[in-house]
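Here are my notes on the model. Please read them with the coordinates open.

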Amino acid sequence: MNILISNDDGYLAQGIAILARVASEFANVRVVAPERNRSGASNSLTLDRPLSFRAAENGFYYVTGTPTDCIHLGLHALPDFKPDLVISGINHGANMGDDTLYSGTVAAATEAFLMGIPAVAFSLNTHKFAQYSETAEQAAWIVLSHLLKNPPIAPVLWNVNIPAVAPDELQGYKTTRLGKRHHIQNVIASTNPRGEAIYWIGAAGDVSDNEDGTDFAACEAGFISITPLQIDLTAYREMDYLREYWRGMSV
């Protein structure tokens, strides 16, 4: 069993070191991650410049690009290593609800899934990673041990969020759906040293859907949230309406 690991926090992040350590108990591991924090990179590819690919002192490989770039280089720049599974994380901060659209952590797993490789993204529901690192490690072990003992029949894309609780307060795990946040996001105005206006994208909005069954609710209750994701964006329920809308129209 070969496992390729990536993230969006960078190859020096504590979360990826923990995930690599846990995964190495079950399989051969190779880590390919961004050289720096690329949070919020989503599924972007670097197309305007070439990428560098180097080995670090800790044995990980780092790439001067996005998490999605890392998956491509991990598959094609290391031809001696063919992964049976790709895992991403453990992200320093949650990736629940609408956050999954922006997450580089989820994007790395998504790219592998698009290539027919089972993939799992892991995130911890706090930026205080050091305080809950033991919980993150225990949760990763729970999920990976079950996954590798009972491998899915077809490639899967799972989004796993770990609650910020003490290890002995983990309640188990739940299959969940994505919740939702408010779409309003702060834009923080400032000025640079020259007095010119600059802007920062602020923190994500408040949660607007944390009903029972959502990833938000599960994590809040101390459960590991496991949400199956899909890639097909087709709005099937609107297809009949669209056919009728364009009926009789000529070019």
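Is tyrosine 61 buried, exposed or partly exposed? The points below start there.

1. Tyrosine 61 is partly exposed, because its relative accessible area is 22%. The classes are buried (under 20% relative accessible area), exposed (over 50%) and partly exposed in between, with a 1.4 Å probe and protein chains only. Phenylalanine 53 falls in the partly exposed class too, at 25%.

2. A note on provenance. The model is predicted: local features need pLDDT of at least 70, side-chain atom pairs count only at pLDDT 80 or more, and totals for chains, interfaces and linings use all residues. Residues are numbered from 1 along each chain as its sequence is written, and side-chain values use heavy atoms, with hydrogens and water left out.

3. Aromatic pairs. The whole structure holds five of them. Phenylalanine 53 and tyrosine 61 are stacked, because their ring centres are 5.2 Å apart and their planes meet at 5°. Tyrosine 245 and tryptophan 246 pair edge-to-face, at 5.3 Å centre to centre and 80° between the planes. Ring pairs also link Tyr241, Tyr245 and Trp246 into a cluster. For the terms: rings of Phe, Tyr and Trp (its six-membered ring) pair if their centres lie within 6.5 Å; planes under 30 degrees apart are stacked, over 60 edge-to-face, and the rest tilted.

4. Helix packing. The axes of H1 (residues 14-23) and H4 (residues 133-149) come within 10 Å and cross at roughly 40°. H1 and H4 are therefore oblique to each other. Oblique is what remains after roughly parallel (under 35 degrees), roughly antiparallel (over 145) and roughly perpendicular (65 to 115). Axes are lines fitted to C-alpha atoms over the stretch in contact, with angles from 0 to 180 degrees between N-to-C directions. Helices (H or I, at least four residues) and strands (E, at least two) are DSSP runs, numbered from the N terminus.

5. The H1–H4 contact (heavy atoms within 4.5 Å). H1 contributes Gln14, Ile18, Leu19, Arg21, Val22 and Ala23, and H4 contributes Ser133, Glu137, Ala140, Trp141 and Leu144. Those residues divide into seven nonpolar, two polar and two charged. Here Ala, Val, Leu, Ile, Met, Phe, Trp, Tyr, Cys and Pro are nonpolar, Asp, Glu, Lys and Arg charged, and the others, Gly among them, polar.

6. Backbone points to check. A cis peptide bond joins glycine 89 and isoleucine 90, with omega about -5°. Isoleucine 90 belongs to strand E5 (residues 85-92). Serine 42 has a positive phi, near 55°, and is not glycine. Serine 42 sits in the loop between E2 (28-34) and E3 (53-55). With a relative accessible area of 19%, serine 42 is buried.
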